[in-house]
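Take a look at the model below. Keep the sequence at hand while you read.

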Amino acid sequence: MENLHIPRNRMSGSLYETLYLAKEIAKESYQEFIRTEHLLSGLVNCRGTNVIKEFLEIYKINKKEIEQRIELAIPFPISFKLNCKPEFNPRTKSVLNYAENESELMTREKIGTGHLLLGLIREPNGLAGELLRDNFSLELNSARDFVNEYYQLKNEL
């Protein structure tokens, strides 16, 4: 990914796929920037990860409901650039910094989609974090416990 400080070899394959999906979602909606809601949409639509699927199932969160809320929240584009190349905005970069920090706290070599989920919850001003915290009542500590336990049990990353 272009304007990211995280090297590709630190990302799990699922995280890389999620970031790619987020960029494509932003592009399809003619957005100049990849926002936190694009990250969340990419996360729940990533095919390569099981931690998010299991997380949604355990916390009884409906993927379709997340997608509907995101769709309503994505702003109408100012212009329609056909060859739009959206970049990560400061908030999404902050989320990725949080994800990297979560990975380090769990002493994981790679940053995974579980860490991205925690980064989204930690970002105080991102729409995705607000959605996860306010609409689905997710708390950082319980989500962190789940992600850490999942990675330990599955021995992933």
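Which residues does R122 touch, not counting residues up to four places away in sequence? They are Y98, N101, E102, L140 and R144. Keep in mind that this is a predicted model.

R122 sits in helix α6. Is R122 buried, partly exposed or exposed? R122 is partly exposed, with a relative accessible area of 24%. Being buried would take a value under 20%. One of the partners of R122 is E102. Here the two side chains make a polar contact, at 2.9 Å. Y98 is another residue that R122 touches. Along the sequence, R122 and Y98 are 24 residues apart, yet their C-alpha atoms are 7.0 Å apart in space.

**F88 and E102**

Now turn to F88, in strand β2, which covers residues 87-88. F88 has a relative accessible area of 5%, so this residue is buried. E102, the polar partner of R122, is 14 residues away from F88 in sequence. From C-alpha to C-alpha, F88 and E102 are 19 Å apart.

The two pairs can be set side by side.

| Pair | Separation in sequence | C-alpha to C-alpha distance |
|---|---|---|
| R122 and Y98 | 24 residues | 7.0 Å |
| F88 and E102 | 14 residues | 19 Å |

**Helix α7**

Helix α7 runs over residues 127-135. Which of its residues are buried? They are A128, G129, L131 and L132. Viewed down the axis of α7, these buried residues fall within an arc of 160°, so they line one face of the helix. What covers them? The cover includes α2, α4 and α6. Recall that α6 is also the helix that holds R122. After α7 comes S137, whose phi is positive, near 55°.

**The cavity**

How many cavities of 30 Å³ or more does a search of the whole structure find? The search finds one. The largest cavity has a volume of about 40 Å³. Its lining includes L132, one of the buried residues of α7. Other lining residues include L40, L43 and V44, along with I52, F55 and L56. The lining also takes in I61, L117 and L138.

α2 (36-45) and α3 (51-58) each supply at least two residues of the lining.

Technical notes:
Residues numbered from 1 in each chain as written. Predicted model: local features only at pLDDT ≥ 70, side-chain atom pairs only at ≥ 80, totals over all residues. Heavy atoms only, no water. 1 Å grid on protein atoms, 1.4 Å probe; cavity = no way out; pocket = protein on both sides within 12 Å on 5 of 7 lines; lining within 4 Å. Points joined across faces, edges and corners; volume = space filled by probe spheres on them. Helix = DSSP H or I, 4+ residues; strand = E, 2+ residues; numbered from the N terminus. Buried < 20%, exposed > 50% of the residue type's maximum accessible area, 1.4 Å probe, protein only. Arc of directions from axis to C-beta. Contact = heavy atoms within 4.5 Å. Polar contact = N/O pair within 3.5 Å; in protein donor to acceptor, adjacent residues only side chain to side chain.
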